Each structure stands twice: as C-alpha cells, then as structure tokens.
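Me: I would like to learn how the terms for a protein model are applied. Please take me through them one by one.

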Amino acid sequence: MDQDILNGIGELDFEELQPSIFPIPSDMNIDDYLREILDEQMSPTQVEVDTDNGPYIGQWKEIENISKKNIPAINNSLARYFSDSSLYQKIRTIFPDEIEHKCWHQINTTDDPIPQESLTKAKAVKQSLLELVGTRLNDENFAMQADDRVKLQQFQTLLEQRNQLQAIDLVKIFEKMLKREHGIILTARDTAQSFPNGHVNTCPPYDTPGVAQRFQDLSKDISEMREFCREVGGVLEQTFSDFQRLRLCTGGNVHVIDTYDRSQITNAEEARMWQTIVNLRQSLIKNRRTLLDWHRERVFPRLKGLLSKIHHEIAEWQRAQAFAANGKYVESYDIDQLEDCCKPTAELMILSLDQIYNLTQLEVNTVDEERQFIEILERLRVSYENLIKEIVTFGLVVEKQPPQVLMKDKKFACHLRHLVSNGLGLHQYSFPTKVSLVTSDVACAIKDTGPTTPMSTSGEIVNNLKNSDYNEQTKQLHIHMTNMTLKMKMRGDKGRADTVAEEKYCMVFRSQIRVRLSSNTEYEVTAQTMSLPIVVISHGKQEADARATIFWDNAFSDAFRRPFEVPSQVQWSWILDGLHWLWKKECENESSVHMEGGGLSLSATKYLTHKLFNTESVEPSTMVTWKQFNHDSLHGKTFTFWKWFFNVMELVSSNFVKKYWNLGLIQGFVSKATSQKMLLQRSPGTFMFRFSDTVLGALSISCYTVCKDNPNRGYEVGHLQPDTVKKFQQRSLPDMVKDIQYLHFLYPATPKEHVFGPHYTPEPQPSTNDDDYWPKEMHVVLKGSHQQRQSPSQTISPNGDVLSPGVLSPGSVSEPFSPNVSRHESLDISMGNDTQP
C-alpha cells in the first residue's frame, strides 16, 4: 500500500472513517479505493485560499519597476534572485498575481504539530495551484513557450504525487521566495529615500551598510573563498600527481634521496634521472610551502572573518526578534539568508580541513623539516576543527521564541532551527535537544564559560527533550519543542508582586550533535542557544508588571549585552516609539501591522506625555527612569503610567472593542477637558469615546446634551460612567450607543446609525420551538430621572435643527444628563406585541 495512504490514515479518526466505506467495486483494488476515499474525505472544502489584504499583493509589479532602475546593489540582488532556476521560481514568474493572492501569511508552518486549520488551508492552496496549472495547460488560446509548458507539466506531476511534496512544504517554499522579494523591495525603497534625486552611489550612503549590502558583501566573500579554495584544490591535486611520480621514481622511499651518494653516478643517463628526481622534490617542497602559506595567511583568516560576520548577523537577527516581540520590525537578515551563509561557510571549512589532511600525507622533505611542517599542519588542523565546532555551536537558533511572560503549569511551545543543516551532514544523525530554565546569573556564567558549563535550573520543564527533524523538501533542520509545561521551584521571599515580575529567566537549549569529518574523525559538539528573557508568573495580577519588564528589555537592550542588562533610564522619545509599535501590534488589524500609518497618533503622544509628566512642554530627549515608568504612581492617581497604558491596550485589543478602534470610531486618548472643548463646538447630541483617567482599562462616553440642573440654561458636556471589557461582554458597544437615545452624532458630525447601525445586534426572532419561554434581551438604561426615553421619531441634525415631527426645545431635545450620573443594565423583557413587560 502507498506510504502516503498509510500516513493519511494516521491523520484520521478511523472510527469516523469506517461508516463511509462501502463495498469495494469489482473493477477496483483496495489500494485505489482507499486512496479515493481518503482523497474525498481529506480534500479541503469551502476554504478561502485567496485573500484581498495579503502582505505580498502587488510585489511582482514593484519588482518589475525596480528592475528598470539602474541601481547596482539592487540589480545584484535581483540577479541573484532570478538566477535561481528552480521549478518554484519559474511557477512564480508564470503566475505572478495568482501566487501573491494566496493566503500564505495565514498559514502557521512553525508549530509542531501544525494546527489543523493551517493544514486545511495548505491543502486548499495546493489544490488551487493544481487546478490553476491544469487550466493553463488546457487553455488552447493561451500562447505558451515550450519551456514554460514543460515546467508546468513538471509542477503538475509534483503536486499530484502527494508523497513527493507535502502541502506545508509547498507553503514554506513559496513564502520564502515572497519574503525575499519583500526584502529586495524594502532595500530599494530605502535606497530611493537615500538618493531622492535619482543619483545613486555604488557605496553605502552611511557608515553602517544596510542588510542588503551586508548580505551582498558576505555572499561575495563566500563566492571568492569558494573560488580560491577551488584554486588551492587544483594546485594540491597537481602536487599529489607530482608526489606519485616521485614515489615511483624512488621506489616508494622518498628519503632515499637524502642518502644517495652522487659520486656513485656512473653515466649521464643516471645523472639526468637523479637530477629530475631532485628537481621534482624541490618543486613539491615549494608547492607544499605555498599551499601551507595560503592556508595560514589567506584561507583560515578569511574563514574566521566570515564566521565572525555571521555570528554578528545572528546576534543582530536575535535582537530583531526582540524588537518584533514589541511589534517593531527592523531591517535585519531573515533566517533563510543566515542559513544561506552558514551552509556554504561550513562546507568551505570542511573542504579546507580536508586539504590540511591531504597535505600531511606529502612527506617530501628531510625528517627534521617534516617534523616542523607536521607541527604547523597540526595547529592548522586544530584551528579548522575549532571553527567547525564553533559554527555548529552557534548555528543553533530559536526560530520561534517561547512566551516571554510564562504562566506556570500552562502549556507552551517553541521552534528551533540549525542553520548549518546539511552543510556538514548534521542531518544524517538525529540529535537530542534539551531545554532548561535558568536565572540571569546562571545565563551570565554560561555565556562567559561556554556550552559545557554545568548549570543549576530554576524549575522542571516537562517534555523538555526532543530530537531533530530534517525536511527533505526544504533542506532545513528543525527541532520542534511542543507541549511543554513549567513546574516552577519555590521562590524566595521577594516581597511585592511587581518585584517578582521583574525577575528575569531564560531558556537554554543544548543539543549533542555528532559531527563526522571525511577523515573518519568524529566529534560530539554541544550546540547551545538562549531564548529571549522570560518572566515567570503564577497569577494574572502579575501580568501587567511582567509585560512592563519584557517591554523595557525588548525595546532598550543591546544585541551584545550580558544577560540581561538594560539601561535604568532612556529618552522619552524612545519610550513613545516603543509604545507606538506595541500598540500597533496589539490593537490593530494583522494586515496593517507592517504598513505605514496607524499606531499612536501625534495627539495620542501629546496625551501620554501630559499623563506622565503632568505637562505637555517636555523635550523628546528628556530621560525617563524605570521607576517613573512602572513604579511611581501618576499625579493624583494610585496606579503607574504603564499600568494605565497596559490596561487600555488590553481593552482595545479585546474582541469587543478592537473592531471599532480600527474603524476609527473611538477617539480614546482624550482628556475630559479636551473632550469638553471639542464637543462644545459641535451640535447637541454629539458624543465621543475616551479612555477613562480614573478607571483602569475602561471606556467612557462624553456627550454634549441638555443641562440637568437648569434645562433653560442650555447644554453641557457630560461623561458617562466608564465601561470595562466585562460590560461589553454583556452588551456590545454599538448596542449601548443604540440604547442611549440622546446620543445622535459620533464626533465630529456623523449620525450614529450610519456608523454603528451595521453592528447592532439583530432583534431576537420569535422562537420556533414548542416551549413557553418569552424572549428577552438586555438594554442599557439610566438611573433616576434619566430613565425617561426620547421619542424614537425625534432626530437632530448636525446644526441642531429638528428633522422629524415635533419641535424640540433646548429642554426637550433629549433627557437631561449630568456628568455624575451612573448607569446600570436592566432586562427589557418583551412578551408579544400587545403585552407590556
């Protein structure tokens, strides 16, 4: 039976599968029938594989525009990209728009096991591509080059053979290509900003070159090293050929030359032969010395320099991971680029080491000279082996970080990759990886003394040992750490909960990797890497303080620090930048996170500045300490700046508020005084939403309405009692607006029905069940005199005119309202058309 069929059975509940298996047709064998059943049951149905807001839409057109510009650095990047003659690259060029519109970004390819929703979408994408290729091949009206038709047929065959290309692997391959295109586009944009007048310099515009330039330089260095090593190999091969000739001439004993007495030569022929032998030996000694000098002076130093550059880029990439955890995406190598540098560098190291091994076999000099030569080669051998061990050691990276705020006894996962992969044949032997939780002090000791340092752990991690897994399609070496839980040890008496939430840990990953060299030498190398800092909590009340610790660390730490040093104070402008990106990540739609705009507006930053400093006249370079940020209470309040911001962010990021924030219906960062000034310039019945200054994580409605105490006096601005997420769970925000009759226009002058009407909860339909229950629904009403309802037929225009029957005087435009009025929920029970509740 086909192995793919067996794999498919493993993914299904066989008890559920059996009822659908009918008697096998007489003209079909059991394997074909089972394949048909599985294909039918596993085929994705009603899965949207095209998207209108994907991050890759329009990339191909931009790539084409970029290619028309004469930008040397960008053209080199494009040349490397388009030089990839893979089948997938060809499909990308044949279906540029169709590829971009697939839901690649919605498919999780890193978790192990892959979520079922992602598997379903991946299979749907694969089926969609198969149908797309089939349609193009069968379209007789479409002119197609012969090479394109061959590639399409090859791709069609690959997709049809399920055991040859898994759907998730297909997604990984195409998303990798799309991400590389995106990197080229970003670099081109940066170049255009650096040279707005079209003048382009081949040199980087600043002292520190961008990622694209650094990758180009590193790739160039690797290519030059490959060519030079090939040249060294050619000379070495010729030298070995000469050495074999010498051994033949001397009968296998080269040192016979040192003992031969030339005075015993009796004829010219013998003299000529011995002179040839001596000259050949001298040539070999010279060539061998040249090869040795090349390795000492050129090959080894440059390989060591390459390793240092790669190590630096990995550290910068890990720093970019910390920024990304705060929502800020900075320019850095992507993990595939790092792998593209690590693999060939490791291969060059092993090639150079092999050349050293071969040189040790060339014994062509005197015994004393050979001893010195072998000592030099031995030192080189050890140096090359140390380089190989080093790249294996730091080639292990955390691709998907564990949660930085970790709840005890709660399941979590992370994902590692080894960047050398098959470059040293590491994939040939599955190796174990163990994860341990350590304190920052232990992490410092490990960083100082290396991966063999004994370490004391701070808790037991269940399921902390996993083996590596090599993917033949993507050529990537992964370790999927899943279903882990932390059993934390008892901590000492730390006092306040916020102090506990400032205690940093990290996870240390260690792999015992077997490295076998071509000389049959075998090593066991301990590869090691660390996670980003982690705060362990045991209760939800510690989360805000823990998130503050992580935010500060991610935003302001250095890539090459000691674990986990951070500055005690930073500029206010830096904090605002960090809060801007964090807000964008948590509170905005996923499709807009990487786009321009959004985040904290200028008015929001002014509001936050006033909240922290109690004044708006603050220089951006003003220093803010950690104590001010999350220890000191705000002026006149009992909570800190971070606590207020964090709770507001939790409110807006909830499913009950996030939609309306992204639609621009919530002002949010507005003080009472400012909202009053804004509303007084508008028509009666105008209202806005603002974040409460006194209640954490709450939203208040400010409105312009009739003065309660003296209706003849006119209108005033009032503020409704703030609502938290708990209230919005009971009654949605649009329904609350609907319930309060005197709210007519969302600031500045939009009728509430236009913006909130589509989001009202539909009226309950009469029950079709045979029961005696009367339907009911929850409404928001006002206490006391505010329970009076305005007539539904009365509506006010933005200029205050009455649009519906009845004249509304200042005292009757709406029920009176006081800023101090409270609000509660009551049940409005309907019992038929003519029955009062």
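**Terms and values**

Reply: Arg690 and Asp693 form a salt bridge, with their closest N and O atoms 3.0 Å apart. This is a predicted model, where local features need pLDDT of at least 70, side-chain atom pairs count only at pLDDT 80 or more, and totals for chains, interfaces and linings use all residues. Residues are numbered from 1 along each chain as its sequence is written, and side-chain values use heavy atoms, with hydrogens and water left out.

Me: Why is the pairing of Arg690 with Asp693 called a salt bridge?

Reply: A salt bridge is a side-chain nitrogen of Lys or Arg within 4 Å of a carboxyl oxygen of Asp or Glu. Arg690 and Asp693 have their closest N and O atoms 3.0 Å apart, so the pair meets the definition. Side chains of opposite charge can pair when their charged atoms come close. The structure holds 26 salt bridges.

Me: What makes Lys343 and Glu339 a salt bridge?

Reply: Their closest N and O atoms are 3.3 Å apart. Helices (H or I, at least four residues) and strands (E, at least two) are DSSP runs, numbered from the N terminus.

Me: How do you know whether Lys343 is buried or exposed?

Reply: Buried means under 20% relative accessible area, exposed over 50%, and partly exposed in between (1.4 Å probe, protein chains only). Lys343 has 15% relative accessibility, so Lys343 counts as buried. Glu339 has a relative accessible area of 3%, so Glu339 is buried.

Me: Which other residue meets Glu339 in a salt bridge, and what parts does the pair tie together?

Reply: Arg417 does, at 3.0 Å, N to O. Glu339 lies in helix α14 and Arg417 in strand β3 (residues 412-418), so the pair ties together parts that are 78 residues apart in sequence. Both Glu339 and Arg417 are buried. Salt bridges that share partners join Asp336, Glu339, Lys343, Glu399 and Arg417 into one network.

Me: Why is Cys342 called buried?

Reply: Cys342 has a relative accessible area of 0%, so Cys342 is buried. Its place is in helix α14.

Me: What is Cys342 in contact with, leaving aside its neighbours within four places in sequence?

Reply: Contact means heavy atoms within 4.5 Å. Cys342 is in contact with Ile310, Ile314, Ile391, Leu419 and Val420. The C-alpha atoms of Cys342 and His418 are separated by 9.5 Å, and these residues are 76 apart along the chain.

Me: What puts the buried residues of helix α4 on the same side?

Reply: Gln59, Trp60, Ile63 and Ile66 are buried in α4 (residues 59-67). They cover an arc of only 120° around the axis, which puts them on the same side of α4. The arc is that of the directions from the helix axis to the C-beta atoms.

Me: How many helices and strands are there in the protein chain?

Reply: There are 27 helices and 20 strands. Of the 837 residues in the protein chain, 46% are buried. Among contacts between residues at least 6 apart in sequence, 71% join residues at least 24 apart.
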